Amino acid sequence: MISVEEALDKVLSCVEVLKPEQKPILDCLGQVLAEDVYSTIDVPPLDNAAMDGFALRAEDTRGASESSPRYLVVVGEIAAGSMPLEEVAPGTAIRIMTGAPLPGGADTVVQFENTDEVGRKSSGKDLSHIGILYQAKKGLNVRRRGEDVAKGELLLRKGRVLRPQEIGALAALGRSTALVVRRPIVAVLATGDELISVDQPLPPGRIYNSNTYTIAAAVSRYGGIPKILGIGRDSVQSLTERIDEGLDADMLITSGGVSKGDYDMVKDVLAEHGEIGFWTVCMKPGKPIAFGVINKVKGRKKRKVPHLGLPGNPVSSMVTFEQFARPAILKMMGKKILAKPTIRAIIDDDIASTDARRLFARVVVIKRGGQYHASVTGPQGSGMLTSMVKANGLAVIPENSNGAKAGDVVEVQMLDWGEEQGEVKTSPIVSIVGKSESGKTVLMEQLIAEFKKRGYKVAAVKHSHGVMDIDHPGKDSWKFSQAGSDVVCISSPDKLAFIKNLDRELNINEIMPIIGPGFDLVLAEGFKRSKIRKIEVHRKELGDDLLCSLEELSAIVSDASLETLTGDGRKPPVFRWGDAVAIADFMEKNLVLNR
Ligand code: AMP
Ligand code: MG
């Protein structure tokens, strides 16, 4: 058994950076620049206005203010795209739009807002003069020729990966094409007698070929061009024919047929036509992998094509693709950073590792309280592609480690950095409602303690019907408020209190910005009229009815069975009074994570 690193080294030693090609810039996104790009022009090509306003000489504004404007004669107007016809002589100004070239004589642009133009227009005054209301510094609102890129400057170095901004920068120089490292063509072949194509009805005993699609999509995602070879059957002849069609590609990826089964023929084909490495890699999923270089296939001229034979199980083939095919594609594209981006996260579940292999567990990573947390995406069978569908990362549990315990810090290879998987931006709010004396505050206390135990950053908001218990008559805060202060804030070494006089009651969404962002959970007590997720606390002794309608409630917590209340079939779940752990589990799953 070889390590993941050894296997990767061997794969990378068999692939080379491809030749460059000249292409339209818009087709180069994600490709690596194969030339140094020098600017042949100044950007911007001329001094120009950074604001709409008046081009003038700064010295003509000396001493100007709103109460004593400096009046200048307006001698012309220039729009972006045209060249100035007039010059600015002392005592004159030219009306100018953003991006228009600065006329000769002018050194400064004063924006409309700092002139009396609006007042003149509304009072019907003539516009042959303009009042400047502000003493401008020389050079204000002027973009200098070549300030972005000077002629002859090295703008982009060879090796740079082209993103939208680099493509735009090339366009700004007037370049319509660029020299970039070619994208690799990757032939993709599925193998297996049981496979059937997605455009066919499904006969008994067969399954749809999904690997071709995951692999081809991953090839495209990382910048390669997939060439689909269809499905090879489990015979040396069928596989040889199919592989033959892929030999003008830069790389061949097959899936399936590499284990020890009777029909696992990929290795036989490779043994016949190439230099084959057939490995057991110290990883799970994905132990059996074939890798080699195909030298010849019957009837074709010799060509060396690296061949990665991935396992057939959908998860195994994807995980091994990420570890071996992705870096190979990136290397061929001329990229320097081949490793998957990784983060360190607290694992929220125990992960058992029964053998000595490196385990890649499918996890979903979210940020809570400034810290990444990773939780396992349910059943982890290597045939269950849904474990990947739910995941945005692969937690790497080292070989010989006996797994990980909840709370351990583990390394996670990120599969995606989608916005929705990143930092949770708005704090989820859940309110606890109920009749008075139903026990809302007790449940609040229990839930706060439970969520703190789970590592949450919690905010609690209390709705008060009447007098606020914190604002006691006679206290300094009360005195300040009585004297008329709109806000009274009390700061002490360990607490901050904030009392604001209002002319109407705020709803919870208006309160949130005052509390501030970054909470993993906001628990509100009350607020039964706000449109937020609600859990109602119910006490049998206060009657059988509820305060809110069933449609409004996410859950009910009660000391009664409530069958009569929720008998209409669409009931929210009912939790036993005092079972804070179960309530928190439900909230975590349905109201916090799956918002
Ligand atoms: P193999 O490595 O060929 O023994 O395949 C292992 C498992 O993966 C078997 O259950 C196959 O049916 C399944 N499998 C192989 N290739 C594919 C594919 N292209 N799409 C979906 N499942 C596959
Ligand atoms: Mg098979």
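The axes of helix α5 (residues 236-245) and helix α6 (residues 266-273) come within 9 Å of each other and cross at roughly 60°. Axes here are lines fitted to C-alpha atoms, for helices over the stretch in contact, with angles running from 0 to 180 degrees between N-to-C directions. Helices (H or I, at least four residues) and strands (E, at least two) are DSSP runs, numbered from the N terminus. This is a predicted model, in which local features need pLDDT of at least 70 and side-chain atom pairs count only at pLDDT 80 or more, while totals for chains, interfaces and linings use all residues. Residues are numbered from 1 along each chain as its sequence is written, chains are lettered from A and ligands numbered from 1 in the order in which they are written, and side-chain values use heavy atoms, with hydrogens and water left out.

Back to the two helices: the crossing of α5 and α6 is right-handed. A crossing gets that label if the near helix is turned clockwise from the far one by less than a right angle, and is left-handed if anticlockwise. On the α5 side, V236, L239, T240 and I243 are in contact (heavy atoms within 4.5 Å) with V266, D268, V269, E272 and H273 of α6. Sorted by class, this contact has five nonpolar, two polar and two charged residues. For that sorting, Ala, Val, Leu, Ile, Met, Phe, Trp, Tyr, Cys and Pro count as nonpolar, Asp, Glu, Lys and Arg as charged, and the others, Gly among them, as polar.

Which residues of α5 are buried? They are S238, L239, T240, I243 and D244, where buried means under 20% relative accessible area, exposed means over 50%, and partly exposed is in between (1.4 Å probe, protein chains only). The cover over these buried residues includes α6 along with the strands β12, β15 (225-232), β16 and β19.

In soluble globular proteins, nonpolar side chains tend to be buried together. A nonpolar core is a set of buried Ala, Val, Leu, Ile, Met, Phe, Trp, Tyr and Cys residues joined through side-chain atoms within 4.5 Å. The largest one in this model has 42 residues, and those with the most contacts inside it are I253, W279, V281, L308, F321 and F324. Elements giving two or more residues to this core include α1 (4-13), α4 (211-221), β20 (305-310) and α7 (314-332). The largest share, nine residues, comes from α7. Leaving out residues up to four places away in sequence, V281 touches M1, I2, S3, V4, A7, K287, I289, F324 and R357. Apart from this core lies another, of 22 residues, among them Y456, I535, F575 and L591.

Charged side chains pair up as well. How many salt bridges does the structure hold? There are 28, each being a side-chain nitrogen of Lys or Arg within 4 Å of a carboxyl oxygen of Asp or Glu. One joins the side chains of D250 and R182 at 3.0 Å, N to O. D250 sits in the loop between α5 and β16, and R182 in the loop between β11 (177-181) and β12, 68 residues apart. D250 is buried, with a relative accessible area of 12%, while R182 is partly exposed at 25%.

R454 takes part in two such pairs, with D585 at 2.8 Å and with E588 at 2.9 Å. E588 lies in helix α12 and R454 in the loop between α9 and β27, so their pair ties together parts that are 134 residues apart in sequence. R454 counts as buried at 17% relative accessibility, and E588 counts as buried at 17%, whereas D585 is partly exposed at 39%. E450, K453, R454, D585 and E588 are linked in a network of salt bridges.

Finally, M51 is placed in the loop between β3 (48-49) and β4 (53-56). Is M51 buried or partly exposed? At 33% relative accessibility, M51 counts as partly exposed. M51 and M97 are 46 residues apart in sequence and 6.6 Å apart in space, C-alpha to C-alpha. Besides M97, the contacts of M51 beyond four places in sequence include I96, T98, V109, Q111 and N141.
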